[in-house]
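Please work through the exercises below with the sequence and the structure at hand. Each task is followed by a solution in steps.

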Amino acid sequence: MAMEVTQVLLSAQSVDSTVRKHAEETLKQFQEQNLPGFLLSLSAELANEEKPVDSRKLAGLVLKNALDAKEQHRKYELMQRWLSLDVTVKSQIKACLLQMLSSTVSDARSTASQVIAKVAGIELPQKQWPELIGMLLANVHQVPPHVKQASLETLGYMCEEVVPEVVEQDQVNKILTAVVQGMNASESNIEVRLAATRALYNALGFAQANFSNDVERDYIMRVVCEATLSPEVKIRQAAYECLVSIGSTYYEKLAPYIQDIFNITSKAVREDEEPVALQAIEFWSSICDEEIDILEEYGSREFTADSDIPCYYFIKQALPALVPMLLETLLKQEEDQDQDEGAWNLAMAGGTCLGLVARTVGDDIVPLVLPFIEENITKADWRQREAATYAFGSILEGPSPDKLTPIVNVALSFMLAALTKDPSSHVKDTTAWTLGRIFEFLHGSTVETPIITPANCQQIVTVLLESMKDAPNVAEKACGALYFLAQGYEDVGSTSPLTPYFQEIVQSLLLVTHREDAGESRLRTAAYETLNEVVRCSTEETARLVLGLVQVIMTELHKTLEAQKLSSDERDKQNELQGLLCGCLQVIIQKLGASEPTKYAFMQYADQIMNLFLQVFACRSATVHEEAMLAIGALAYATGPNFAKYMPEFYKYLEMGLQNFEEYQVCAVTVGVVGDICRALEDKILPFCDGIMTQLLKDLSSNQLHRSVKPPIFSCFGDIALAIGENFDKYLMYAMPMLQSAAELSAHTSGADDEMIEYTNLLRNGILEAYSGIFQGFKNSPKTQLLIPYAPHILQFLDSIYMEKDMDDVVMKTAIGVLGDLADTLGSNAGSLIQQSLSSKDFLNECLSSEDHLIKESAEWARLAISRAISV
Amino acid sequence: MAPHDLRRPFKRAAISDQQRRRELSLQRQAQNRRDAQHQARFLAHTILSLQNDSTEPEQELESAPQVEQQAQDFDVRQAARLRGPEARRWFAKQLMLPEWMIDVPERLNTDWYVCARPAGKRCFVVSSNGTTVSRLRNGSMLHRFPSALPNGARTNNSSRSGQSYCILDCIFHEPDQTYYVIDMVCWAGMSLYECTAEFRFFWLNSKLVETGACNDPSPYHRYRFRTILIYNCDQEGLTAAYAGPAPYVKDGLLFYNKHAHYQPGNTPLVLVWKDESCSQYVIDTDSKGQIPDQQQVVLELLDDGRLATSDDPSIIFGCLEQYFIQKTGLQAGNLLRFAISEGGLCFADGKLERADLHYLGKPNRARAFADSYSKVIFQYTARHSPLRIEHLLASINSVNEEENTDMVG
């Protein structure tokens, strides 16, 4: 069955694109026509020591890609395809792969390791290939180091592929023993020790039982800590990676080791090479992550004793030594780190960790950092000034406003002066960022003592606007600061302190968007985002100016449409700019549409704007522009029934958006827009419903579509039914079974994790909103009786989610509303069914006495509707 | 296995503005969906009750309570379209009338709201078909004007459907020519009769401003509307309503039971109370604006000569002799004005036992109702031993103290 594929594989790597494409086509045909033969040929190629390394490596890679894919649906398909292959074919391939672990060619070994792990990922959960782990373990005890190394590496990859439940504890123990032995200082071969250390990283998730055993845990911890002292930098780095992972996976087991870990990490941070030092800082950052989560959990519960994991306050204990260590790192900046998007160095990691520490311990950090700031902020060396500013900016989230406000009041004018005058661009960047943090955390309606007063507001605005003319990275931070300055006045009422500067701010931001260098440091994006926030937080005093902005942004959008024959790079830029402009228009439409007088004034532009959006759609071939779609939703809401005139032209893009499985955000946004249009057009949407419903039903049946889009699609059924009323009857036979099977799936959540429960509640809410819309839509229609057959199942669904006791407030509100809608629409037809249901008694009573006024309101409605239904 | 990327976000805001735009859109859509759903539920309800009425016409004619019921269930959408005398008659019955506070209700601090009542003309404001009409307590028209309320003016915008209308319970405050909205009965076509005060105020506060009705007057919006501050009736709220600043002249305090629905006619679930420091008109004046020496009351003459208050059921204050009725030519249903003489009001077991009344004549023709029992008693006690703000505050405090003692006990 196997075929000679060497030449094809080599051609597939040719520099000549014609040759390459032809080879790729040949491989594809071979795979389609004879899959077993194809896979056998590839494994034979990989296993043949006489073949060139390049063709062997590619053979392995193609083999790997035939077993796994990123996309869930495709992954599942490939898995099923492998499982259905003939056993002898699979055995033959697996034998080739295992044999390769002994190859003297390291690329061949490494490739085989990865393929073996993929096969294991498919077969072990099916209880197939039981001998694999035993064989790998036997290999580890063989003498040639390269076999040992490859087998350890394979064990590591395998642990990455399968979930711990698949492997028996007995085998876990053996794997861990082999891996930890391989890591031990007594292992003389560096490659073996490195492979073992990296394997441990993946195997840690399997070690629950072993970490509960004091002796075993002590042993693992000792070996890991010793490996952090290895003379080999790669091993030290890999050992710290293990330590970071242990820090988050086994936080509650760390107490006996934390002092030692502090000692070795602080030595590494101060003395070791950067990749190792970064991992050592990361250890403390991840401990902060853990403690922040635990303390948040504490905050949300009344009694701390309830918490699953206690907080050991490692950060608080380490504080006096940890903070100075982190402050030292701040002085190790790189010259151009602000211009380099990919930069990640000691100073950045140290400052980030300091910020996390501040969030973990709150007020306690302030006295430890303040002397450092005071000492360095006026020094001649830019590094010291920058480090001091960065330290200040880092601790602004966490400590209480009471603690910070007096310091900020003193520092503010210094910061404003530094942003104007400091000779170092680096210092100015950090200063602008720090100002942004000050406004983000210490400015707003919830803060008691305002730091921005009539006395300093003008100066702040002036300095920020001036700073927007600075280097792109500085200007971008200044925009960010302005963003949070505006956000602080979000709920200021009818007069905003920013009103006097509104015009000037808008002009300056528009100037920024036109800067030649606005493409650098995401400056243009920041300027538009800030403009959006300024508009969102504006008051009616400046409504006229916001209205004036409509034409300005429309003109900008129009300009992007004039460009012809673009290169793909230019097209990306055009696309991005159109996104920013459509986003800005969306914000403006939503702002002006929210109050009647401004809405009327805005309406004069509706035709022009819609026309522009349609052109934005038209200049792309197959996809729909998400931002334009969002903006159209806002426009439909503002326009109301008049939106009908745009439908004939807009419809095709709506359909295109609903078909976009790959970019699921686009699909989700489009589904939301269908809802907007339903509410705007009401029954005038009817002519388009066949198409829309067909598309929505297709979306629901597809397993390619991201699951997060499904709940909104159900809600959208409700929107459509409410808009077209009894005309929804022809869709009942399709929609109802789908709702019913989704309801059955979402009724029970036993054993699901938090994320799954959250999703299930979203799904339930969508299903219930669909039922609500359908019942209300059919009310008072002779076709109401069509719904009677569905009532028992719907009531049963309500009862079962009530019994499950895991619904959130949103679902509760929607669910009790559905009970009311069912009673309201079906009336006496469902009277006895309703009386038999648990929902009409216990659930209703629970909702009636709810603290949440929306739940209570829906419950009052349900009670009213039920009393009418059963009294008739 | 390559080392894992450990870069964390650096000097960046955690949420992108695009994500924020998506989320704000979703919030708006969810809110719009809720509104649409809510409107469907309540709109449909009013249609439904009208249909029910028309299918059972015989029953309705038989007994008085049924007729009363019909008046309440009347489709408010049609009411908004009524004109002339019909409209007067209908609206005269629709306002919810507070009783006077003659003793402090239980759970005042938990179950009640309080607000300072603006001095002025109590009226219903109805917007529909592109115009807005305000009607006084007796049903007569006060103003017809364009407003920014839903369907309250003819503008070139036709996005509002014909079903859109609204009915607000207001007080027109002359000095600043402003309608202060004290309750919301229907909004954008949906009825709020069946909703609790808690919900009505929530809806009022979230919807009114959106329309622009609170903006300064303009050619399409002749009078400004304003909401008033509604407080929880705790120590702080009561003090704020009583002594705090208000943009209008105060005329006493209104108390709303949080759970009460909007109910036409007298109700003990809304109460009014006043004293000299929060109202210019504590003790009733006569037609010349003078406080008469003796308290005056207006009562309705019943068939059998008894004199009744406007309450349902009414309270009897006394009885006219047949020969007096014949001599003065009075008829059953007439409203009559009396003074309370030196004998005053006598109570036994908390009930009125005897009133020393002196006939004065007929009241002003505009008068549509007799006095309510609570009004008479409030006026009476205001002259003799008023219920003071200290009593109200003390009742709130005593609740707090009781709660404390409970804990110890």
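The exercises that follow concern a predicted model.

**Exercise 1. The interface**

Task: Describe the contact between chain B and chain A by its residues, its buried area and its polar pairs.

Solution. 

Step 1. Begin with the residues that take part. Chain B gives 50 residues to the contact, and chain A gives 89 residues.

Step 2. Turn to the area. The size of an interface is often stated as the accessible area lost when the parts come together. Here chain B and chain A bury about 5,800 Å² between them, and 51% of this lies on carbon and sulfur atoms.

Step 3. Consider the charged pairs. Side chains of opposite charge can pair when their charged atoms come close. Eleven salt bridges are counted between chain B and chain A. One of the pairs joins R8(B) to E282(A), with 3.0 Å between the closest N and O atoms. This distance of 3.0 Å can be checked against the cut-off for a salt bridge, which is 4 Å.

Step 4. Across the interface of chain B and chain A, 18 residue pairs are in polar contact, both residues being at pLDDT 80 or more.

Step 5. Locate the side that chain B contributes. The elements giving two or more residues to the side of chain B that touches chain A are α1 (17-55) and α7 (197-211) of chain B. The largest share, 23 residues, comes from α1(B). By class, the residues of this side of chain B divide into 16 nonpolar, 18 polar and 16 charged.

**Exercise 2. Two sheets of chain B**

Task: For each open sheet of five strands in chain B, state the strand order and identify the edge strands.

Solution. 

Step 1. One sheet has the order β15-β14-β13-β16-β17 (chain B), and its pairing is antiparallel. Because β15 (316-319) and β17 (351-361) of chain B each have a single partner strand, they stand at the edges, and one side of each is left without a neighbour in the sheet. From one strand to the next, the twist averages 45°.

Step 2. Within this sheet, β13 (residues 296-301) and β16 (residues 335-348) of chain B pair in the antiparallel sense over five bridges. L299(B) has L336(B) in β16(B) as its bridge partner. Helix α10 (residues 373-384) of chain B packs on the sheet and touches β13, β15, β16 and β17 of chain B.

Step 3. Strand β2 (residues 112-118) of chain B pairs with β10(B) in the antiparallel sense over two bridges, and Y113(B) stands opposite N232(B) in β10(B). Helix α7(B) packs on this sheet, with its direction at about 50° to that of β2(B).

Technical notes: Residues numbered from 1 in each chain as written. Chains lettered and ligands numbered in written order. Predicted model: local features only at pLDDT ≥ 70, side-chain atom pairs only at ≥ 80, totals over all residues. Heavy atoms only, no water. Contact = heavy atoms within 4.5 Å. Buried area = accessible area lost by both parts, 1.4 Å probe. Salt bridge = Lys/Arg side-chain N within 4 Å of Asp/Glu carboxyl O. Polar contact = N/O pair within 3.5 Å; in protein donor to acceptor, adjacent residues only side chain to side chain. Helix = DSSP H or I, 4+ residues; strand = E, 2+ residues; numbered from the N terminus. Nonpolar A, V, L, I, M, F, W, Y, C, P; charged D, E, K, R; others polar. Pairing = 2+ DSSP bridges. Axes fitted to C-alpha atoms, helices over the stretch in contact; angles between N-to-C directions.
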